[in-house]
Amino acid sequence: MNEPNPRCRAPAAQRCCARAFGSAASDLDVAFAVVDRASAVTALLVACVSDMQGRAISFDEPGTWTLNQRLQALIAMRLAAGDATIGLQVACSACGEAMSLDLDLHTFAGDPVAPHFTWCADDGTEVSLRLPRADDLQRWRREGVLAHEALAASLIESVAGQAVGADHCPPAAWLSALDDAFAAHDPLTALQLQTRCPACDHGQLVACDLEALLLEGFAGTQAKMLEEVLQLASAFHWSEAEILALPRWRRAHYLQQIAARGWA
Ligand SMILES: [Zn+2]
């Protein structure tokens, strides 16, 4: 049995490597059933991403990454497992027909986009922006910041060359265009896919929460690990640690034998 590529080069700007989730016993420690999705992503990244010398990254580091950087690292982890396809189930907005889309993650994999960029307002004003980071999400949640203006304002670094503070309030006329500017610079974080309904031929843009789909996949991998431990422990009375210390091909072999002999 071929083991999938155990390490996949993560985006160059992060200067790190990603391994496949589900290949280490400690992957059972990652908690998916948490209210704060960003915490689950951080735990995954700390577990599976290392620097170019193979050293673990610190727990605080992924919090300083942009959402785009984190998404690219999650994609690298999934690709390291040799699984490039992710399924998206949506309903047609016109006729309600269920549509199943298979996305190839190679299409989205690449270097993270630049964390800082410039946007030009309709009146010609140049505005320097930065992409949101995971610690921004946590701060907004902690401080209960929900107003669109406040979120946008906190990502503005300067206006017409003048640095602005946290209390800066952008003109209301900018808000919608700012949204578009973030989406154009980082299309992956709020991904929109152009699709056509096979039943009624209605063309539509479908929102795709790639981070949620990837998280779902990693949670499924962890559930499969637990199921394997359960089956092997039931058949052979080995401990969890003993089972997880086995290479994956040997675990697969014993599971095949359990199935073949009808022990399951
Ligand atoms: Zn339709």
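**Residue classes in the lining of the largest pocket.** In this predicted model, the lining of the largest pocket comprises 12 nonpolar, 4 polar and 2 charged residues. The pocket itself holds about 480 Å³ of space. Among the 18 residues that line the pocket, P132, L155, D179, F182 and A190 are the closest to its centre.

**Helices contributing to the largest pocket.** Three helices, α2 (67-80), α4 (148-153) and α5 (175-185), each supply at least two residues of the lining. The most comes from α5, which gives 5 residues to the lining of the largest pocket.

The SG atoms of C92, C95, C197 and C200 coordinate the zinc ion at 2.3 Å. Along the chain, these donors of the zinc ion follow the spacing C-x2-C-x101-C-x2-C.

**Geometry at the zinc ion.** The arrangement around the zinc ion is tetrahedral because its 4 donor atoms subtend angles of 106 to 113°, and four donors count as tetrahedral if all angles lie between 85 and 135 degrees. For four tetrahedral donors, the ideal angle at a metal is 109.5 degrees.

**Accessibility of two zinc donors, C92 and C95****.** C92 has a relative accessible area of 4% and is therefore buried, the cut-off for buried being under 20%. C95 has a relative accessibility of 42%, so C95 counts as partly exposed. Both residues coordinate the zinc ion through SG.

Conventions
Residues numbered from 1 in each chain as written. Predicted model: local features only at pLDDT ≥ 70, side-chain atom pairs only at ≥ 80, totals over all residues. Heavy atoms only, no water. Donors = N, O, S within 2.8 Å, 3.2 Å for Na, K, Ca; no water. Tetrahedral: all angles 85-135°; square planar, octahedral: opposite > 155°, others 65-115°. Buried < 20%, exposed > 50% of the residue type's maximum accessible area, 1.4 Å probe, protein only. 1 Å grid on protein atoms, 1.4 Å probe; cavity = no way out; pocket = protein on both sides within 12 Å on 5 of 7 lines; lining within 4 Å. Points joined across faces, edges and corners; volume = space filled by probe spheres on them. Helix = DSSP H or I, 4+ residues; strand = E, 2+ residues; numbered from the N terminus. Nonpolar A, V, L, I, M, F, W, Y, C, P; charged D, E, K, R; others polar.
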